[in-house]
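Good morning, colleagues. I ask for your attention to a few details of helix packing and aromatic pairing.

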Amino acid sequence: RHNVPQQDSRQNLTLHTRKALISLKSALPNRAQIHREVSKLGILGLASAYSLLGQFKQADVYFARYKKANGNNATYLNDYGFSMMLRGNLTQAEKLLQRASSEQPGSLTIQNNLAALRRLKANPTGFVGHRPKRGTSSF
């Protein structure tokens, strides 16, 4: 008879533990959700990396893949706008970065990219990413 109350309390504890685990699992994203988010960021990261390397054709492949899956969200608009800035397409860069800023006005990254764009427009040869044409010298 002493085992019966212990067994009941163990069953209650097990039941409460299961309920707590179920609640916890439902609050956390599942592996597939995490994988999708990492994949999204990975695709956009590849696009940005190719842009920084000046391989814009390859960057566009990944930007297109990201856009198809996620649309024109602020992250895409910012990264693609920065890519346009690296390409020297300042008009397109400004449009994209302004749209990103209107979708996510508090983003420091977007504001920093807009500031870099303003500096570039004011002094095109003073930009860090600027590469002089062959046969020219900055000396």
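Helices here are DSSP runs of H or I with at least four residues, numbered from the N terminus. The model is a predicted one, in which local features need pLDDT of at least 70, side-chain atom pairs count only at pLDDT 80 or more, and totals for chains, interfaces and linings use all residues. Residues are numbered from 1 along each chain as its sequence is written, and side-chain values use heavy atoms, without hydrogens and water.

Let us begin with the rings. Rings of Phe, Tyr and Trp (its six-membered ring) pair if their centres lie within 6.5 Å; planes under 30 degrees apart are stacked, over 60 edge-to-face, and the rest tilted. By this rule there are 5 aromatic pairs. Tyr76 and Tyr80 are stacked, because their centres are 5.5 Å apart and their planes lie at 20 degrees. Both tyrosines, Tyr76 and Tyr80, lie in helix H4, 4 residues apart, about one turn of the helix. Ring pairs join Phe63, Tyr66, Tyr76 and Tyr80 into a cluster.

Are these residues buried or exposed? Buried means under 20% relative accessible area, exposed over 50%, and partly exposed in between (1.4 Å probe, protein chains only). Phe63 is buried at 1%, Tyr76 is buried at 5%, and Tyr80 is buried at 18%.

How values were computed. Helices (H or I, at least four residues) and strands (E, at least two) are DSSP runs, numbered from the N terminus.
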